[in-house]
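Please keep the sequence and the structure open while reading.

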Amino acid sequence: MSVSLYSGRTALKLLFWQLMTFVILSVAFCTKSIEWGASAFAGGLACWLPNVIFMLLSRFQKVKEEGVPVRIAWFFAISEGVKVIITITVLIVALGVFKAAFTPLGVAYLAVLIVQIIAPAVMNG
């Protein structure tokens, strides 16, 4: 789910927990090697950064005119498309340019996704 479905405070908490998840995983993978730690950081960043950008974009959305549902739907669709493009770009740069290790990158990416799914249920009781 996207952060736009939550209140601003809940969305910020969710983004904070995602940030802490991949930072802690990066530090944990650094015990094996610096390359694994950097790969885990890149994987977490590939999932977290698009969510932050989406939240910033959603702050600019104004709801005060007619035709609002259509405009919000288009804004949401375009923002989700931007999220996918940013995610793919970060993963391509991490894997192709910086030759990141796939295992820590994948683990951190999936961990941040799992936090995005589970944390709202835990935070809301």
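A residue is called buried when its relative accessible area is under 20%, exposed when that area is over 50%, and partly exposed in between. The model discussed here is predicted.

**S79**
- S79 lies in helix α3, which spans residues 68-97.
- The relative accessible area of S79 is 4%, so S79 is buried.
- Apart from neighbours within four places in sequence, S79 is in contact with F54 and L57.

**Helix α1**
- Helix α1 contains 23 residues, and the distance from its first C-alpha to its last is 33 Å.
- That span is close to the 33 Å expected at 1.5 Å a residue.
- The buried residues of α1 are T10, A11, L14, L15, Q18, T21, F22, S26 and F29.
- Among the elements covering these buried residues are α2 (34-59) and α4.

**Packing of α1 with α4**
- Two packed helices are described by the distance between their axes and the angle between those axes.
- For helix α1 (residues 8-30) and helix α4 (residues 102-123), the axes come within 9 Å and cross at roughly 150°.
- The crossing of α1 with α4 is right-handed.
- On the α1 side, the contact is made by T10, K13, L14, W17, Q18, T21, F22, L25 and F29.

**Aromatic pairs**
- With ring centres within 6.5 Å as the rule for a pair, the count comes to 5 aromatic pairs.
- The rings of F22 and W48 have centres 5.8 Å apart and planes at 55°, so this pair is tilted.
- F22 is in helix α1 and W48 in helix α2, 26 residues apart, and the pair thus links distant parts of the chain.
- F22 and W48 are both buried.
- The rings of F29 and W36 have centres 5.8 Å apart and planes at 50°, so this pair is also tilted.
- F29 has a relative accessible area of 16% and is therefore buried.
- W36 has a relative accessibility of 25%, so W36 counts as partly exposed.
- One aromatic cluster is formed by F22, F41 and W48.

Terms used:
Residues numbered from 1 in each chain as written. Predicted model: local features only at pLDDT ≥ 70, side-chain atom pairs only at ≥ 80, totals over all residues. Heavy atoms only, no water. Axes fitted to C-alpha atoms, helices over the stretch in contact; angles between N-to-C directions. Helix = DSSP H or I, 4+ residues; strand = E, 2+ residues; numbered from the N terminus. Left-handed = near helix turned anticlockwise from the far one by under 90°. Contact = heavy atoms within 4.5 Å. Buried < 20%, exposed > 50% of the residue type's maximum accessible area, 1.4 Å probe, protein only. Expected span 1.5 Å × (residues − 1). Phe/Tyr/Trp six-rings, centres within 6.5 Å; stacked < 30°, edge-to-face > 60°.
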